[in-house]
There are 4 protein chains.
Amino acid sequence: MSEKKQLRIGLIGYGFMGRTHSNAYSQVGHFFDSEHSVVRQAVCGRDEVNVKAFAEKWSYASYETDWRKLVAREDIDAVDICTPNDSHAEIALECVKHGKMILCEKPLALNGEQGEAMVRAVEESGLPNLVWYNYRFLPAVTHAKNIVAAGELGRIFHYRANFLQDWTISEELPQGGAGLWRLDAAAAGSGVTGDLLAHCIDTARWINGDIVSVSAMTETFIKERVHTATGEKQAVTIDDACAFLARFENGSLAIFESTRYARGHKALYTFEINGEEKSLFWDLHDLNRLSYFDHGVPGDRRGWSSIHCSDGEHPYAGNWWVPGLCLGYEHSFVHELAEFLRCLDDPSLEKRFPDFRHALGTQHVCDAVLESARSGRWVDVKKA
Amino acid sequence: MSEKKQLRIGLIGYGFMGRTHSNAYSQVGHFFDSEHSVVRQAVCGRDEVNVKAFAEKWSYASYETDWRKLVAREDIDAVDICTPNDSHAEIALECVKHGKMILCEKPLALNGEQGEAMVRAVEESGLPNLVWYNYRFLPAVTHAKNIVAAGELGRIFHYRANFLQDWTISEELPQGGAGLWRLDAAAAGSGVTGDLLAHCIDTARWINGDIVSVSAMTETFIKERVHTATGEKQAVTIDDACAFLARFENGSLAIFESTRYARGHKALYTFEINGEEKSLFWDLHDLNRLSYFDHGVPGDRRGWSSIHCSDGEHPYAGNWWVPGLCLGYEHSFVHELAEFLRCLDDPSLEKRFPDFRHALGTQHVCDAVLESARSGRWVDVKKA
Amino acid sequence: MSEKKQLRIGLIGYGFMGRTHSNAYSQVGHFFDSEHSVVRQAVCGRDEVNVKAFAEKWSYASYETDWRKLVAREDIDAVDICTPNDSHAEIALECVKHGKMILCEKPLALNGEQGEAMVRAVEESGLPNLVWYNYRFLPAVTHAKNIVAAGELGRIFHYRANFLQDWTISEELPQGGAGLWRLDAAAAGSGVTGDLLAHCIDTARWINGDIVSVSAMTETFIKERVHTATGEKQAVTIDDACAFLARFENGSLAIFESTRYARGHKALYTFEINGEEKSLFWDLHDLNRLSYFDHGVPGDRRGWSSIHCSDGEHPYAGNWWVPGLCLGYEHSFVHELAEFLRCLDDPSLEKRFPDFRHALGTQHVCDAVLESARSGRWVDVKKA
Amino acid sequence: MSEKKQLRIGLIGYGFMGRTHSNAYSQVGHFFDSEHSVVRQAVCGRDEVNVKAFAEKWSYASYETDWRKLVAREDIDAVDICTPNDSHAEIALECVKHGKMILCEKPLALNGEQGEAMVRAVEESGLPNLVWYNYRFLPAVTHAKNIVAAGELGRIFHYRANFLQDWTISEELPQGGAGLWRLDAAAAGSGVTGDLLAHCIDTARWINGDIVSVSAMTETFIKERVHTATGEKQAVTIDDACAFLARFENGSLAIFESTRYARGHKALYTFEINGEEKSLFWDLHDLNRLSYFDHGVPGDRRGWSSIHCSDGEHPYAGNWWVPGLCLGYEHSFVHELAEFLRCLDDPSLEKRFPDFRHALGTQHVCDAVLESARSGRWVDVKKA
């Protein structure tokens, strides 16, 4: 172990995502071999009491209360940006100045313009960079990607995805502040589009290629909420719900939908892809399973198979327990980190994780979606 | 029995739908009480050998080979129109001239213009009229309707429906002719829009009210097919797939999708509705079940319930067997017919079956969908 | 049609089973071709008003109130015995005397001794005979049978089946009388063993061969109920629940369970069979589906497939509608009757329906189960 | 953190279970608060190279190759016994001599006699002791326990459980040695009975109380396998499959089954309990869900609910992520450890984890099952 290269992480932000990433840093070495050893070097937050407690709980060697200090520290190799979306760009550009690798929480930025600046900076610097589109890395999702990438589906006709939640239905829920900045467009950029659909779009583009045009509608069901910062009722400026039609470069059609008003769904992220030969379906609520339909099976035996992706032959699963035993949500982050380390070990390998450029492509789709919702017209998607 | 009033049916067309309707005529009296006794009086088709065989198999008292003759017969009370869509309007108007009640296969007509003429005619005549949007009458679907109609869902936020099939993926499949007129726009009017989405729209409007505007896309994946009539490759003019965004009058958002290119789905008609208090989901492949989410249940017990709608307390189910035993597809037609008879018995009762006017509303949505797909713009739906 | 041979049915008993069989007589000709035309000639019941109404509703040409008269009528070719179990033997023996074919509701008799006499009689007479073990004839069940019969499963290791209901949990429910004779051991012979497990055993023996020994336990949860006949509380003598271990002749192990005290299950009849190469599972609540596991599929694609047995390639399904559309419970009776007619048309064909001898084998298993429950020991099953 | 009491763990055995327990030691402090801080002090195994590598990967401070040395070390507070079953008793007794707390992998011992000695020793010493029956601690399973414990089910009628696998079907699989000692009765004590049914029995007794009598059958499908130690074919002495009927002290009936020959099931551990008012079902393959049937719901809304036990209101779930996100298999060990720590923090609390005495009760059931399978008779279960 002493011979391993260290990857010293500086984490900025220690909310929900700070925990999922810290868990990945703690777990990755137990289950995935690498020449790099991940070191939880420092965590940064504005509230000293809280950030110190977080550092203790997660065994970070130190803490900071000023993110610029953390970014400037020489004993940090990589910065993990876990702050609200409105600060991603600023922090990332500062990281590049200090030569830090960046692991940035999604979405990349508030909009494509910010994202382009970020991509330009990291690509000019040559620094490794990653965006935490974690859902790709669940065994069933990666399995789906591999099956499609092998061309097994033949011509693709349809893609559909949604991400349904129900946690903002109450009018009493305020907007803004620590837990609820996602309801504040100033901090979040958008509502479900950037928060949830961005995940759907990332997976879709990874599996099915580029989206070329979209027609969208959005809605804000509850028009005013008390803002935590002011105590006053203010107009809600995010999209509570968004649905869009899309056309992919490969000629397939798609529908996407997201909402926080689908009673009964906590985190129903699903996607389905229909090809000439096969179809695939996946659902975050039952994340170990991939539904698989193979038209090549004789007619009287055809049916949707439920593949429990927990065998040694499934992506990542063999690194954990034995066949049939379930993995959970947080494993996705461990796997994404393992992919990042794999490419640090050998930069010549194909990157299987989303970098800033891929995330910019997703940002461009989000921007087109929001523009279409405003204009009521089909909008072409800018290429990343 | 001898005291019952007779309802003497003349059936025009004896294909797939002719069989489902004949089954309803045969079965309804075994399971539903009525003052009317349904008599299979005559069936009409152009091929005498075939129509005669059909008449024997289904115990029709007579047969015709000219539909005008059948419509003119004095011993016919009601005409059932089971022909391809392009002849619905002409036959229906002739029926009105002869004072016949009409039971018309869906969609009502080739387009709204035809439909309006049909509605005008039947309403002026006062003749009972019905359109066979049969799926409403499955116990689980009617149960869903009743729950929503009672206001139990509170404010409605979302509706989504799709109808996915996979039977036209092969390029070898011809268009036109007896089994395949649904691929020929001249006979069918449209592709999946009129054939499949019309069902989704009928149910949606019944349950969730009027649709006010739509944005659609359509695609024809296979551009040319041999036409059965000519033996030549001809352009395919129907829509193979159609998806649309919609806004309902009640403020809820919707997505609808249909295709015949969703590998793995034979007849996956599903709908879901999300309200403030409850959500409902249904699936034709498991038609006895209604998925039901009640937010009023305490938090640690909330979950989607799978209601097997086969109890005496569920709509129609008590007329059949005992709790837990499944009904099938064809029962939907029996139930629709039972509703028609119920209103014949007592015309003062609320009609629970779709009449020509309701079907015209569905036709207007289909027309708007097709226009939007052509124009790439949102289109307002004409009121029926 | 006029050239068809008639099969004139005399139905004795017109309760729940009388309806399911009458439905089969009405429907079979609409969906299955045969040289025989089934004629609803007479129905028999002790209550003249009721039996007459039944005859009218189901178009029986006549009715009787004395079953011996019906059996003696010359215009009856086949007698259908739908009475409580305690009269099956007597009626059947009388039918043989009058040279009638017999279609007998299951279970065959009150016990093996009665059953042996019945088998002896019908076999000596050479008269066609059938027992209504209808569940075999659902497409998914027949499909399972065919797959196993083809040897596709390899060596069989396990069989398990259960039939769970919950309708007798209330202490207020009386025993005896028209609707509730199944709770009265004098009329029914036994409780769940003969009523429900007999179905499980019939299917098991059909698919997996003979059962050689059993170890059982039974329980009567509610010890006394008011008897409908006397108005008095009387000891309940049936088994409310029964579970047993079994060994099949082919070396496989089995567990069977039935109860009317499994809250939440209306009619949960399931079976599963595990072989070296494949496994199968089926469930009456979702009767159109067969769950299918094929170990021959590559490891990363293996999973349980849900085959919707509604395609033309599935048993019986092609005689009904189009792919994807569900059949229901009552279709099982139609199919069993169609198999009976097929063998009437051509007696040289292999019988796929259960005759008296097969039903006797099932009766012997039931007898062994009840004896084992009494003695607390393993009991060998008598061969039929 | 410095003020926390340390719990210094010495782990003996570092196979599959060694990894799951080490993961619990690493994770528990990140998600559960305690006055105790768990320290990975030492790990012990006979192969120095391997045990050293394991110690590095899992950050154990030291390692040993002689378990007696580890047990004797003064810097160890608690010993975790992860060795094959035949050494549990000897190691545990030695731990007691040295005053160590014990966390012992299940089953407790090779048989009840060993188990009784172990219970006697730990109870006389007053040392905290735990057995790793981890499945209790999945949120859905604990939720089920709590619902039953609250008396919500009313009178219990039925319990059924099984644990089905398919990994030993091949005749080529050897017995004995590191990965396969579970196939060797000398090391394992029994086959599926102690390995798998023990889990089912532990959960059953926890939820539904004591089992009083059993009737079992076992089978060894493959009679001879090459032994890894000798390279020779030797008789297989474990049970490949075991099924048993049981009666609980509360009057309910049960069936249990386990096998490694159920093709298609990797780790299908399920249980169901039917009470007068409610029923519950759970399945390890979908471990986040509890199926819940509440008869108190109005008749037309009754159905099995699928509760995704991932909300803050569900046991343990609130310590992890946000509603809707799945946990996995390994979380069960973290939760069991958290319960152990909770009682270390405050020994006056009710123990929710299985101690040696509870595990002895389970051992007695296993012994009775094996005796019944040998004798072919019902066997009464000894009280623990």
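Buried area is the accessible area, taken with a 1.4 Å probe, that two parts lose on being put together, summed over both. In this predicted model, the area buried between chain A and chain B is about 3,600 Å², and carbon and sulfur atoms give 56% of that area.

## The interface of chains A and B

On the side of chain A, A:Met217, A:Phe221 and A:Arg263 supply 20% of the area that this chain buries against chain B, which is more than any other three residues. Counted by residues, the interface brings 42 residues of chain A into contact with 42 residues of chain B. Between the two chains there are 4 salt bridges, and the side chains of A:Arg160 and B:Glu257 meet in a salt bridge with an N to O distance of 2.6 Å. Polar contacts between chain A and chain B amount to 23 residue pairs, both residues being at pLDDT 80 or more. Several strands of chain A, namely E7 (156-164), E8 (211-219), E11 (241-248), E12 (253-259), E13 (268-275) and E14 (278-283), each supply at least two residues of the side that touches chain B, and the largest share of that side, 6 residues, comes from E11(A).

## Aromatic pairs in chain C

Over all chains, the structure holds 128 aromatic pairs. One of them joins C:Tyr14 and C:Phe54, whose ring centres are 5.6 Å apart and whose planes stand at 50°, so the pair is tilted, given that planes under 30 degrees apart would count as stacked and those over 60 as edge-to-face. C:Tyr14 lies in the loop between strand E1 (5-12) and helix H1 (16-31) of chain C, whereas C:Phe54 belongs to helix H2 (residues 48-57) of chain C, so the pair ties together parts that are 40 residues apart in sequence. C:Tyr14 is partly exposed, with a relative accessible area of 22%, while C:Phe54 is buried, at 8%.

A second pair, C:Tyr269 and C:Trp282, is edge-to-face, with 5.3 Å centre to centre and 85° between the planes. C:Tyr269 sits in strand E13 (residues 268-275) and C:Trp282 in strand E14 (residues 278-283) of chain C, 13 residues apart, and both residues are buried.

## Backbone features

Most residues other than glycine have a negative phi, and most peptide bonds are trans.

| Cis peptide bond | Omega |
|---|---|
| B:Lys106 and B:Pro107 | about -10° |
| C:Lys106 and C:Pro107 | about -5° |

B:Pro107 lies in the loop between strand E5 (101-104) and helix H5 (112-125) of chain B, and C:Pro107 lies in the loop between strand E5 (101-104) and helix H5 (112-125) of chain C.

Although C:Ser59 is not a glycine, its phi is positive, at about 60°; C:Ser59 is found in the loop between H2 and strand E3 (62-64) of chain C and is partly exposed, with a relative accessible area of 43%. D:Tyr316, likewise not a glycine, has a positive phi of about 70°. D:Tyr316 lies in the loop between strand E16 (304-308) and helix H9 (331-345) of chain D, where it is buried, with a relative accessible area of 11%.

Terms used: Residues are numbered from 1 along each chain as its sequence is written. Chains are lettered from A and ligands numbered from 1 in the order in which they are written. Side-chain values use heavy atoms; hydrogens and water are left out. Rings of Phe, Tyr and Trp (its six-membered ring) pair if their centres lie within 6.5 Å; planes under 30 degrees apart count as stacked, over 60 as edge-to-face and the rest as tilted. Helices (H or I, at least four residues) and strands (E, at least two) are DSSP runs, numbered from the N terminus. Buried means under 20% relative accessible area, exposed over 50%, partly exposed in between (1.4 Å probe, protein chains only). Contact means heavy atoms within 4.5 Å. A polar contact is a pair of N or O atoms within 3.5 Å; within protein, one must be able to donate a hydrogen and the other to accept it, and residues adjacent in sequence count only if both atoms are side-chain atoms.
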